[in-house]
Amino acid sequence: MERILKINSLTKHFGRIHAVNNLELEVFKGQVFGILGPNGSGKTTTLGMILDVVAPTSGTFRWFDDGCTVEARKKIGSILETPCFYPYLTAVQNLRITAHIKQCGTQNIDAVLKQVGLYDRRNDRFKTYSLGMKQRLSIGAALLSDPPVLILDEPTNGLDPEGIAEVRELIRKIAGEGKTIIMASHLLDEVQKVCTHFCVLRKGFKLHEGSVSDTLGEINKVEVSSEDMAKLEAVIQDFKGMVSYQSNGSAIELILKDDVNAIAVNNYCFENGITLKKLLTHTNTLEKEFLKILREND
Ligand SMILES: Nc1ncnc2c1ncn2[C@@H]1O[C@H](COP(=O)(O)OP(=O)(O)OP(=O)(O)O)[C@@H](O)[C@H]1O
Ligand SMILES: [Mg+2]
């Protein structure tokens with residue numbers, strides 16, 4: 001696996017405020033890496049440091065495992081600093097200006113507009129765009145130089161549900177084209193829906209790091225028991241809605257298929273002459289922990 005970014009003991013103090021403390025991270029090619037944490041946990045500061053906008057107090061980071069930061073910087077698109085679009089100019093005109101500022105040529109403008117779903121509206125003025133469209137144009141601006149890495153800070157902040165869905169879909173699409181994406185978010189749900197890997201920050205400290213499917217993947221699990229466990233086990237074996245089951249003698253734990261729920265289990269057992277004594281649904285405990293962490297600083 002090709003390493004894109006390595007962060008070593010990165011630290012940023014603003015006077016008494018310890019925004020980021022000894023952060024260690026690695027991001028690999030093709031990952032959509034989420035930095036998840038409540039307000040003030042150090043997400044933007046971290047992105048600022050790896051984009052050379054914020055000077056670290058101590059620690060280092062390395063892009064693409066080569067020392068040359070100027071070359072590396074050209075391979076990174078970001079919307080940390082939201083680009084300034086002119087309200088009276090069209091998307092095409094605005095992107096021409098962005099291309100000029102970035103010195104990256106205008107040849108990708110049409111492709112980028114298609115990519116972010118604004119090609120049909122390309123000749124409309126920026127001020128007539130919805131918030132979601134404006135955000136998609138920002139992402140388009142970051143993609144103009146076709147960078148292999150994209151950095152996004154709270155890409156769905158301030159958008160309505162439709163705008164949120166559009167932007168998330170766009171991020172997944174861009175990731176599907178092989179780009180590496182690093183994004184900050186305070187929403188567990190967003191990280192779960194969009195990211196492949198993530199870390200959790202709290203008060204500048206990393207609390208957890210891992211793949212989303214390993215730690216947050218929705219495990220659809222129920223636990224059942226009845227007076228006659230032998231009969232229950234015999235009946236459960238033929239239940240089509242499960243992936244696997246495990247019995248410990250006093251209860252049976254079922255991993256259900258995605259579209260199957262506890263009600264279906266209950267109905268199935270009842271139809272087969274079993275009245276359940278216990279029917280417990282499980283939510284991932286890690287997920288509960290994260291929600292607690294995220295709520296604490298709300
Ligand atoms: N320029 C600055 N001067 C002083 N303190 C700062 C500065 N920038 C950030 N901080 C402080 O550093 C801490 C981390 O801030 P940061 O913006 O990185 O958090 P965040 O996780 O991005 O939060 P949010 O979810 O609200 O965007 C906060 O306590 C913040 O007040
Ligand atoms: Mg922030």
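What percentage of the 298 residues of the chain count as buried? The share is 46%, where buried means under 20% relative accessible area, exposed over 50% and partly exposed in between, with a 1.4 Å probe and protein chains only. This is a predicted model, in which local features need pLDDT of at least 70 and side-chain atom pairs count only at pLDDT 80 or more, while totals for chains, interfaces and linings use all residues. Residues are numbered from 1 along each chain as its sequence is written, and side-chain values use heavy atoms, leaving out hydrogens and water.

**Whole chain**
- The chain has eleven helices and 13 strands, which are DSSP runs numbered from the N terminus (helices H or I, at least four residues; strands E, at least two).
- Its C-alpha trace spans about 75 × 50 × 35 Å along the principal axes.

**Helices H3 and H5**
- Helix H3 (residues 91-102) packs with helix H5 (residues 131-143) at an angle of about 35°, their axes lying 10 Å apart; axes are lines fitted to C-alpha atoms over the stretch in contact, and angles run from 0 to 180 degrees between N-to-C directions.
- Ala91, Leu95, Thr98 and Lys102 of H3 meet Leu137, Ala141 and Ala142 of H5, contact meaning heavy atoms within 4.5 Å.

**Glu26**
- Glu26 lies in strand E2 (residues 17-28) and counts as partly exposed because its relative accessibility is 29%.
- The C-alpha atoms of Glu26 and Lys6 are separated by 4.6 Å, although the two are 20 residues apart along the chain.
- Not counting residues up to four places away in sequence, Glu26 touches Arg3, Leu5, Lys6, Gln31, Phe33 and Glu209.

Notes:
Chains are lettered from A and ligands numbered from 1 in the order in which they are written.
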